[in-house]
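Please read the following report alongside the sequence and the structure. It turns from a pair of strands to a helix and then to the relation of the chains.

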There are 2 protein chains.
Amino acid sequence: MSELKNDRFLRALLRQPVDVTPVWMMRQAGRYLPEYRAVRSKAGDFMSVCTNPQLACEVTLQPLERFPLDAAILFSDILTIPDAMGLGLYFEEGEGPRFHKLADTVRAIEALPVIDTAQDLPYVLDAVRLIRRELNGSVPLIGFSGSPWTLATYMIEGGSSKDFAKIKTMLYTNPELLHVLLEKLAASVVNYLNAQIDAGAQAVQIFDTWGGALGDRAYREFSLQYMETIVRGLTREAEGRQVPVILFTKNGGGWLEAIADSGCDGIGVDWTQDIGAARRRVGQQVALQGNMDPAVLRAPTHVIEKEVAIILENFGAGEGHVFNLGHGITPDIDPNHAAAFIDAVHTLSVKYHQ
Amino acid sequence: MSELKNDRFLRALLRQPVDVTPVWMMRQAGRYLPEYRAVRSKAGDFMSVCTNPQLACEVTLQPLERFPLDAAILFSDILTIPDAMGLGLYFEEGEGPRFHKLADTVRAIEALPVIDTAQDLPYVLDAVRLIRRELNGSVPLIGFSGSPWTLATYMIEGGSSKDFAKIKTMLYTNPELLHVLLEKLAASVVNYLNAQIDAGAQAVQIFDTWGGALGDRAYREFSLQYMETIVRGLTREAEGRQVPVILFTKNGGGWLEAIADSGCDGIGVDWTQDIGAARRRVGQQVALQGNMDPAVLRAPTHVIEKEVAIILENFGAGEGHVFNLGHGITPDIDPNHAAAFIDAVHTLSVKYHQ
């Protein structure tokens with residue numbers, strides 16, 4: 001592997017000195033880019049891009065050709081694991097993800113295998129290897145997975161959900177069964193992320209999109225506990241470098257201290273939190289990643305610059321900040337606004353690293 | 001007016017001693033009750049019940065005939081104010097609220113009046129008077145309104161929203177215009193709640209359903225600031241008693257201290273917070289209302305009782321707790337489970353008030 005030319009992102013996650021605050025955007029390879037839409041319309045559907053390593057590599061690299069981003073993230077879906085477990089993932093136009101089979105009974109859950117990534121999801125590992133080769137050491141590559149709780153919501157509800165009626169009914173009436181499912185998912189995620197690391201991922205992020213829908217105790221027992229299991233099971237060094245782990249629970253601002261205790265290196269913070277207050281709460285324990293409201297990217301560039309400046313100032317001087325949005329960039333954003341955002345982070349953050 | 005026989009709810013909000021923890025449920029007059037569904041199907045649609053004082057009174061009282069609740073809440077909709085401002089509220093089956101006109105331009109916002117409740121929403125005041133007469137002093141009646149920010153989301157987006165694209169674009173590109181709208185809404189809410197208090201409401205709650213979608217600074221400037229304006233403008237004593245004010249920002253657990261500083265008497269707390277930790281954060285400043293996950297009501301009654309016991313224990317001994325769900329009861333709940341919930345609060349809370 002060629003030497004890494006820009007390691008700001010990895011250094012910031014380990015709270016090591018950097019010249020400027022590194023920045024990437026969740027969903028940076030996405031529909032706001034016309035070149036992404038072109039690939040998508042040629043490929044047919046979303047999963048056709050995910051399962052084709054050449055196309056996955058192409059769209060992963062698209063935002064890096066436009067913007068001086070400090071990291072690439074594997075283009076894939078969080079639901080590849082339940083798909084590999086046999087549930088049959090598909091996408092209904094305008095409806096989000098769906099499964100042909102659910103994991104909502106004792107029988108269905110007991111029948112689920114723990115996945116073997118090399119055998120069950122070879123296309124993901126092929127994509128990781130190809131992207132690493134094409135990146136040629138320019139920036140690090142982030143691998144990722146959904147959290148066990150978040151994957152379980154889709155597997156039990158059958159798709160996106162508003163109030164998580166079915167999984168919460170299971171949680172409160174048959175918690176043992178839900179734990180069986182979450183254990184299989186945690187073991188699968190460990191296998192999946194370690195395989196991504198072996199294939200070349202230089203950091204990994206766990207997306208806990210729906211942990212914030214849980215009550216305080218339920219979050220700790222049914223979501224955070226399994227992310228801790230995963231963190232303990234991960235390969236933490238590869239190619240002579242540490243492989244940082246980021247946990248991101250959307251609407252998880254109430255649990256920052258508990259998440260910091262998980263053993264992770266960085267916590268993703270959504271835009272509802274003041275990042276300075278968040279930093280005071282976790283101290284030197286972990287790095288923070290975030291947290292501009294993606295909606296700010298709809299505003300004129302001088303507003304984007306002002307919001308970036310405020311977040312940088314609130315975080316303050318010193319290390320441990322990876323700039324990002326508080327959630328994924330939306331399809332309606334003008335790519336020039338994304339460019340202004342990324343430039344503002346680099347330009348305005350110099351003074352905090354002197 | 002006849003003397004109030006059960007004033008636990010009002011006393012708890014003022015942190016005065018009570019015999020047991022008072023309890024009511026958000027959306028307690030609702031579709032989970034067959035007698036409510038019967039009235040709805042006879043009346044035709046939701047707004048026909050709201051605008052008919054006899055029917056609004058009937059459904060307000062239904063849950064009190066079944067359960068020993070400690071408060072009644074006016075049956076109405078949070079969107080009566082924008083409707084009275086001339087936007088034309090209607091409900092699309094299975095689609096939620098819609099407006100015929102939006103308040104999304106300078107012209108439309110400048111044309112909006114501040115409402116005069118007696119003239120514009122007489123049916124609400126007639127309902128309040130009728131419910132008070134029918135309650136005959138059994139329990140207090142809660143009046144309510146949506147928060148300015150929450151009302152504005154519907155008026156600008158045209159209905160429910162997932163990412164609040166239009167209103168957030170206005171917030172970040174033309175904040176002055178949004179402030180014009182929010183000022184008119186705050187003045188209208190003051191008029192509306194004071195009219196409800198004059199008509200007989202003995203406490204009021206402001207529902208800030210969507211404040212939790214805002215960034216930290218944006219929440220303080222565009223939602224909380226206007227709730228503070230309202231709290232300052234409210235009649236705080238009527239019939240020789242204090243009229244407590246409750247602010248409820250869903251997903252607002254990060255701002256409890258700031259909400260407590262608004263001058264309100266009670267804060268509604270959703271289920272993502274540990275109520276003991278919330279109490280330690282606000283100290284003696286305000287009462288707390290909440291916070292069981294409504295999903296628990298789907299579980300067997302022994303689970304409901306266990307969850308109630310944990311919340312009571314976490315809040316601990318002493319005053320200032322109104323038990324409630326962390327959000328509205330859902331249509332799929334068995335009324336017997338609601339009964340078990342209410343009985344558990346009364347039975348298990350005795351020891352915390354000795």
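Which residue in E3(A) does A:Leu89 stand opposite? The residue facing A:Leu89 is A:Phe99 in E3(A). The model is predicted, so to speak of local features pLDDT must be at least 70, and side-chain atom pairs count only at pLDDT 80 or more, whereas totals for chains, interfaces and linings use all residues. Residues are numbered from 1 along each chain as its sequence is written, and chains are lettered from A and ligands numbered from 1 in the order in which they are written.

Strand E2 (residues 89–92) of chain A runs antiparallel to strand E3 (residues 96–99) of chain A, joined by four bridges; strands pair if DSSP finds at least two bridges between them, and strands (E, at least two residues) and helices (H or I, at least four) are DSSP runs numbered from the N terminus. The two form a hairpin with three residues between them, where A:Gly94 in the turn has a positive phi of about 75°.

In helix H10 (residues 165–173) of chain A, the buried residues (20 or more other C-beta atoms, placed from the backbone, within 10 Å of their own) include A:Ile167 and A:Tyr172. Among the elements that cover the buried residues of H10(A) are these:

| Covering helix | Residues | Chain |
|---|---|---|
| H9 | 148–157 | A |
| H11 | 175–199 | A |
| H12 | 216–233 | A |
| H15 | 301–315 | B |

How values were computed. Buried ≥ 20, exposed ≤ 12 C-beta atoms within 10 Å, placed from the backbone. Contact = placed C-beta atoms within 7 Å.
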